[in-house]
Amino acid sequence: MKIGEIDLKRSWPALAGIGAIVAVLATAFAWAAGLLGQRVTNTTFLEDIPHDFPAGYRRAHGKGVCYEGVFRASGAAAKYSDARVFAQPETRAIGRFSIGNMSPYAADNSTSTVSMAMMLTADNGQQWRMKMNNEPYFATRDAPGFLAMVKATAPDPATGEPDPQHVEAFLKDYPEARKYLAADAVKPWASSFAGATFHAIHAYFLVAQDGQRQAMRWSLRPHAAFAAWSAEERASASHDALFKDVAQRLAKAPLHWDMVMQLAAPGDPVDDPSQPWPETRPQLVAGTLEVQRVFDQTDGVCRDINFDPTLIPAGMALSNDPVLATRAGIYAHSYNARLHEIGYGKATDAVGKKAAP
Ligand code: HEM
């Protein structure tokens with residue numbers, strides 16, 4: 001049979017082939033979107049966000065303040081990496097302090113997680129973006145493990161405490177989380193961003209001009225002394241205590257953090273964020289961050305940045321850490337959602353506008 005110039009009898013194998021390709025692609029897209037099977041996807045991580053979550057805000061760490069400052073390289077990392085940021089004397093820094101609570105309206109004493117995001121833009125235009133927490137390692141070796149931990153440690157409505165059987169079943173699958181849960185139970189609560197150490201957690205590679213790779217992890221170590229809230233101080237802390245404190249300190253003088261890099265030895269795990277390396281590994285100080293001023297996140301300077309920790313300059317390389325890859329997807333998802341809301345005029349206080357009466 002012929003339709004126009006097409007002889008169906010002769011063309012059917014080719015058409016069947018095209019059909020098969022379309023079917024495979026459609027299945028692949030459905031799988032990637034999490035529509036088939038029980039696969040953990042970016043959406044899985046954000047599924048518990050309430051539908052009335054305030055428009056325009058980050059889906060986690062919603063409460064935050066922007067900062068600007070400068071990163072001064074020491075030159076010590078330039079031996080291992082030809083990234084410009086390690087050689088040029090000063091690099092502009094834009095960043096954000098935040099707390100780990102999802103809600104942008106949370107009280108500062110509602111979580112022990114304090115965080116810093118930062119973007120360094122070198123004079124060759126290359127950017128380095130990062131998101132760091134005050135925890136030195138991740139709880140689990142992979143991201144589904146993190147979800148399993150959140151579920152297993154959720155308070156049982158009957159007792160208000162996590163169900164020990166659920167916790168033990170989780171620890172059977174993810175034994176590495178035992179040390180994280182033990183440390184978390186006694187972790188002091190920082191009473192100021194200024195004295196907190198912020199950790200990148202994942203391993204990255206420094207890549208030298210000759211191609212040599214050195215695995216490292218970095219942390220931002222404060223010049224200010226660490227200070228913790230007592231239980232009473234924490235209970236009575238004001239709603240915005242941490243954010244007021246950092247603004248007051250900066251009104252008097254800049255704040256500083258050294259970027260400390262821990263260098264891996266051969267055999268140290270580079271793809272597992274739950275396994276810290278021995279403290280005896282050599283360290284170098286790649287430079288010092290000076291935070292000069294903080295300002296409201298509503299004006300967009302840091303609000304509209306995705307501080308994606310997989311965006312690194314030439315002279316660095318990513319590890320195969322599965323949590324790092326998962327984070328990149330989750331962050332893009334959250335970023336797209338909030339920028340979409342802002343772009344379509346749905347956001348109010350997130351962009352400094354009053355809600356319509
Ligand atoms: C699988 C585990 C994780 C999930 C599901 C998760 C989820 C999220 C989401 C949805 C956001 C909002 C992103 C945006 O809209 O720009 C966020 C922000 C943030 N996350 Fe994570 N995260 C995870 C792991 C981590 C880890 C390991 C760290 C630290 C090393 C971290 C540090 C941060 C920081 C600092 C922010 C605020 C960034 C900013 O100020 O823009 N997260 N997270």
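**Figure 1. Q209 in a loop.** Q209 sits in the loop between β8 (204-207) and β9 (213-222). Helices (H or I, at least four residues) and strands (E, at least two) are DSSP runs, numbered from the N terminus. This is a predicted model: local features need pLDDT of at least 70, side-chain atom pairs count only at pLDDT 80 or more, and totals for chains, interfaces and linings use all residues. Residues are numbered from 1 along each chain as its sequence is written. Q209 is exposed because 9 other C-beta atoms lie within 10 Å.

**Figure 2. The protein chain.** The chain holds eight helices and twelve strands. Its C-alpha trace spans about 85 × 60 × 50 Å along the principal axes. Of its 357 residues, 32% count as buried.

Figure 3. UniProt places the feature "active site" at H61, in an unreviewed entry. UniProt positions follow the numbering used here, feature names are shortened, and annotations may be inferred rather than shown by experiment. H61 lies in the loop between α2 (42-46) and β3. With 26 other C-beta atoms within 10 Å, H61 is buried. Leaving aside neighbours within four places in sequence, H61 is in contact with S98, I99, G100 and S115. Contact means that two C-beta atoms, placed from the backbone, lie within 7 Å.

**Figure 4. The shell around the ligand.** The ligand is surrounded by 28 residues, and R58, A60, H61, S115 and S334 are the closest. At least two residues of the shell come from each of β4, β5, β6 (127-133), α3 and α8. Helix α8 gives the largest share, eight residues. By class, the shell has 14 nonpolar, eight polar and six charged residues. Here Ala, Val, Leu, Ile, Met, Phe, Trp, Tyr, Cys and Pro count as nonpolar, Asp, Glu, Lys and Arg as charged, and the others, Gly among them, as polar.

**Figure 5. Strand β4 and its partners.** Strand β4 (residues 90-99) is mostly covered, with seven of its ten residues buried. β4 pairs with β3 (residues 64-73) in the antiparallel sense, over nine bridges. Strands pair if DSSP finds at least two bridges between them. Y67 has G95 in β4 as its bridge partner. Strand β5 (residues 114-121) also runs antiparallel to β4, joined by eight bridges. R92 stands opposite T121 in β5.

**Figure 6. The largest nonpolar core.** This core has 64 residues; V85, M118, L120 and M149 touch the most other members. Strand β5 gives the most to this core, with six residues. A nonpolar core is a set of buried Ala, Val, Leu, Ile, Met, Phe, Trp, Tyr and Cys residues joined through C-beta atoms within 7 Å. Leaving aside neighbours within four places in sequence, M118 is in contact with A93, G95, M130 and F307.

**Figure 7. Helix α3 and its packing.** In α3 (residues 143-152), the buried residues include A143, F146 and M149. The buried residues of α3 pack against α4 (164-173), α5 (177-185) and α8 (322-343).

Terms used
Buried ≥ 20, exposed ≤ 12 C-beta atoms within 10 Å, placed from the backbone. Near = placed C-beta within 6 Å.
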